[in-house]
Amino acid sequence: MRMRIVDAFTDRPFAGNPAGVLLLDDVFPDDDWLQNVAMEVNHAETAFAHRLPEGGEADWALRWFTPVAEVAMCGHATLATAHVLYTSGAHEGPARFATRSGVLIATPGADGSVTLDFPTAPLTPVEVPAGVAGALGAEPVAAFDTGANVGDLLVELADEKTVLGLSPDHKSLGTYSARGIIATARADDPARGYDFVSRCFFPNVGIDEDPVTGSAHTALAPHWAARLGRDDLTGLQASRRTGFVRTGLRGDRTLLTGRAVTVIEGELRA
């Protein structure tokens with residue numbers, strides 16, 4: 001099988017979020033094998049996809065694994081998978097993926113970008129849990145539960161500088177939600193090309209800090225659309241690698257647009 005490593009939500013190598021991508025010839029192998037491959041790849045996610053029979057509601061079945069667990073939804077590895085489908089000639093036009101989060105659609109753009117159609121995360125305001133400020137190293141001004149698909153605690157911080165300066169206690173962050181914490185703030189200067197910033201910490205799935213997180217933007221999009229009064233926004237995920245996600249809030253669906261670059265292609269022999 002051909003194994004690709006694809007940097008997603010970026011237009012250059014060694015930025016964005018890397019994902020392993022395997023297009024399988026048949027149905028998924030057993031879960032232990034999938035998990036072992038993801039552990040070997042050792043990126044935030046490895047995506048496994050296989051073609052489905054024609055005439056159904058989806059074209060491909062898709063699953064995502066971190067090095068330690070399967071996840072319910074992953075944006076950057078879906079973008080990486082769509083990029084592989086289009087650049088390898090395995091698929092043309094919109095690709096429908098059957099996943100644990102329902103049918104997700106990827107649509108190629110004329111400029112080489114890919115737009116993902118994902119469910120919008122249901123945001124529920126919650127009290128800031130005791131201990132979060134200490135674990136993050138900053139005092140949140142608001143907190144939200146992001147629902148089962150995303151599984152994070154979303155916290156808004158005072159400003160962009162605070163988000164950029166976070167140096168959290170990763171182990172402690174795992175006690176506040178199923179996956180981890182999304183920290184965000186309004187951009188200090190939208191003229192720089194982005195409307196909000198974020199960083200994502202997911203210790204419960206083996207990822208201290210995720211470089212660029214598509215699924216988190218299904219929560220960030222409605223949060224900032226409500227505050228900024230616009231449905232179409234751009235987010236900067238300010239990890240060391242950084243990446244940009246264009247978001248479009250469409251009611252119960254959120255559009256996530258970005259680019260991707262294949263940086264490694266080889267043969268999986270296991």
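Author: A residue is called buried if its relative accessible area is under 20%, exposed if it is over 50%, and partly exposed in between, with a 1.4 Å probe and protein chains only. The model is predicted: local features require pLDDT of at least 70 and side-chain atom pairs pLDDT 80 or more, while totals for chains, interfaces and linings use all residues. Residues are numbered from 1 along each chain as its sequence is written, and side-chain values use heavy atoms, with hydrogens and water left out.

A disulfide is a covalent bond between the sulfur atoms of two cysteines, and a pair of cysteine sulfur atoms must lie within 2.5 Å to be counted as one. By this rule the model has 0 disulfides. C74 takes part in none, for its nearest cysteine sulfur belongs to C200, 11 Å away.

Strand 13 covers residues 196-202, and because 7 of its 7 residues are buried, the rest of the structure largely encloses it. Each of its faces is covered: one side carries the buried residues F196, S198, C200 and F202, and the other carries V197, R199 and F201, also buried.

Strands pair if DSSP finds at least two bridges between them. Strand 12 (residues 180-186) runs antiparallel to strand 13 and is joined to it by 6 bridges, with T184 standing opposite S198. The pairing of strand 13 with strand 15 is parallel and rests on 3 bridges; here V197 stands opposite L236. Strand 14 (residues 207-210) is antiparallel to strand 13, with 2 bridges between them, and in this pair F202 faces I207. The hairpin formed by strand 13 and strand 14 has 4 residues between the strands, and G206 in its turn has a positive phi of about 80 degrees.

Strand 15 (residues 232-237) and strand 16 (residues 243-250) run antiparallel and are joined by 6 bridges. L233 has T247 of strand 16 as its bridge partner. In this hairpin 5 residues lie between the strands, and T242 adopts a positive phi near 60 degrees. Strand 16 is also antiparallel to strand 17 (residues 253-258), to which 5 bridges join it. Their hairpin has 2 residues between the strands, and the turn residue G251 has a positive phi of about 70 degrees.

L256 of strand 17 stands opposite T247. With neighbours within four places in sequence set aside, T247 is in contact (heavy atoms within 4.5 Å) with F196, H217, A221, D231, D232, L233, L255 and L256. F196 in this list is also one of the buried residues of strand 13.

Among the buried ones are H76, L79, A82 and L85. Just after the helix, G89 has a positive phi of about 80 degrees.

A nonpolar core is a set of buried Ala, Val, Leu, Ile, Met, Phe, Trp, Tyr and Cys residues joined through side-chain atoms within 4.5 Å. In the largest one, of 49 residues, W64 and F97 touch the most other members. Helix 2 contributes 7 residues to this core, the most of any element. Another core, of 20 residues, lies apart from it and includes L136, L173, A185 and Y194.
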